[in-house]
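This report goes through a protein model from its overall build to individual residues. The sequence and the structure come first, and the commentary follows.

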Amino acid sequence: MKVLNVIKSSDNTKKYYFGLSDSDQFHVEACLLHLKRYGYIICVSSQIGCMQKCVFCAAGNSRFVRNLNSEEIQDQVRLIIEDNPILVSEGFQVTYMGSGEPLSNFESVFKSIDAMRTYYPTLHKVNISTTCPTTSITCFKTIDWSKYKHFLHFQYSLHFTHDNERYKFLYPQLLKITVAIDYLNSISEIVCDKYKINYILFDELNDKKENIAELKAIMDTTQNAVLKISTMSVVLSSSLTPSKNFEQFVSAAQESIEAVEVFSSDGTDVNAGCGQFYNDSIL
Ligand code: SF4
């Protein structure tokens, strides 16, 4: 894999475009964030495009090409570190939130995690963002989670409070919310971590009063989870738009739910924000 292009955003996020050794037709995207609270974060892709069709996401609105193998995932990190050697001394995290559903390609994802943990002693955390497709059951049952104590962090992309809405707007083959939460509760206990429940607010869709009560009911079934409410990044190919009710929704949620975090993506002006990967055609 080689670097094709790097674009820097106004907030210093760097968006990377990589070429593949076996194809001129497709490219892979990753980014480097530097956040006050968390330090350096490399956000990688685990697939070219995505098999899922989440309506708010550029990858979901593009075609799925294939899974990336472990070496291709590691290459994204290696090439970003070569371009930013400070990461090795300062320490960094890797987050699987670029293009692709990581648990649909979990063998390569965990192979890459194990390899990078050996190569980079200053890699101090790995974050996996997942919608919990039905295939993730195999992952949940086969991985030895005790190996990842204080190292692995999950984010569950919930976005809708009812299973049927998640099947419609994200992907039809997802685990039921109750089942996914049962697994994430057990895993978070083993890895000693509070996982996050991600909820992007879409205009007039999931930003209503009744959604707060439904979210509270879901949060009450979690152990130590934090609700992360996010603004939607602009994705031209999406039919959804960001909620106009963001502030009101957040304050109402904070009144009734104990642990609420508010988030908006960095790097959105260079399409490095959540849901923006595979959005532009520089090739
Ligand atoms: S949000 Fe994640 S799972 Fe959904 S289409 Fe985008 S990359 Fe795939």
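## Terms and model

Helices (H or I, at least four residues) and strands (E, at least two) are DSSP runs, numbered from the N terminus. The model is predicted, and local features need pLDDT of at least 70, side-chain atom pairs count only at pLDDT 80 or more, while totals for chains, interfaces and linings use all residues. Residues are numbered from 1 along each chain as its sequence is written.

## Overall build

The protein has 8 helices and 12 strands. Its radius of gyration, taken over C-alpha atoms and compared with a globule rule of 2.2 Å times the number of residues to the power 0.38, is 18 Å, close to the 19 Å that the rule gives for 283 residues, so the protein is as compact as a globular protein of that length. The C-alpha trace spans about 50 × 40 × 35 Å along its principal axes.

Of the 283 residues, 45% are buried, a residue being buried if 20 or more other C-beta atoms lie within 10 Å of its own, exposed if 12 or fewer, and partly exposed in between, with C-beta atoms placed from the backbone. Two residues are in contact if their C-beta atoms, placed in that way, lie within 7 Å; among contacts between residues at least 6 apart in sequence, 74% join residues at least 24 apart.

## Strands β11 and β12

Strand β11 (residues 226-230) pairs with strand β12 (residues 260-263) in the parallel sense over 4 bridges, where pairing requires that DSSP finds at least two bridges between the strands. K228 stands opposite E261 in β12.

In the segment after β12 lies S265, which counts as buried because it has 21 C-beta neighbours inside 10 Å. Leaving aside neighbours within four places in sequence, S265 is in contact with S233, G273 and C274, whereas S21, 244 residues apart from S265 in sequence, is 30 Å apart from it in space, C-alpha to C-alpha.

T131 is found in the loop between β8 (123-130) and α4 (136-142), and T131 is buried, with 24 other C-beta atoms within 10 Å. Not counting residues up to four places away in sequence, T131 touches Q52, E101, S157, L170, Y171 and L174. L158 and T131 are 27 residues apart in sequence and 6.6 Å apart in space, C-alpha to C-alpha.
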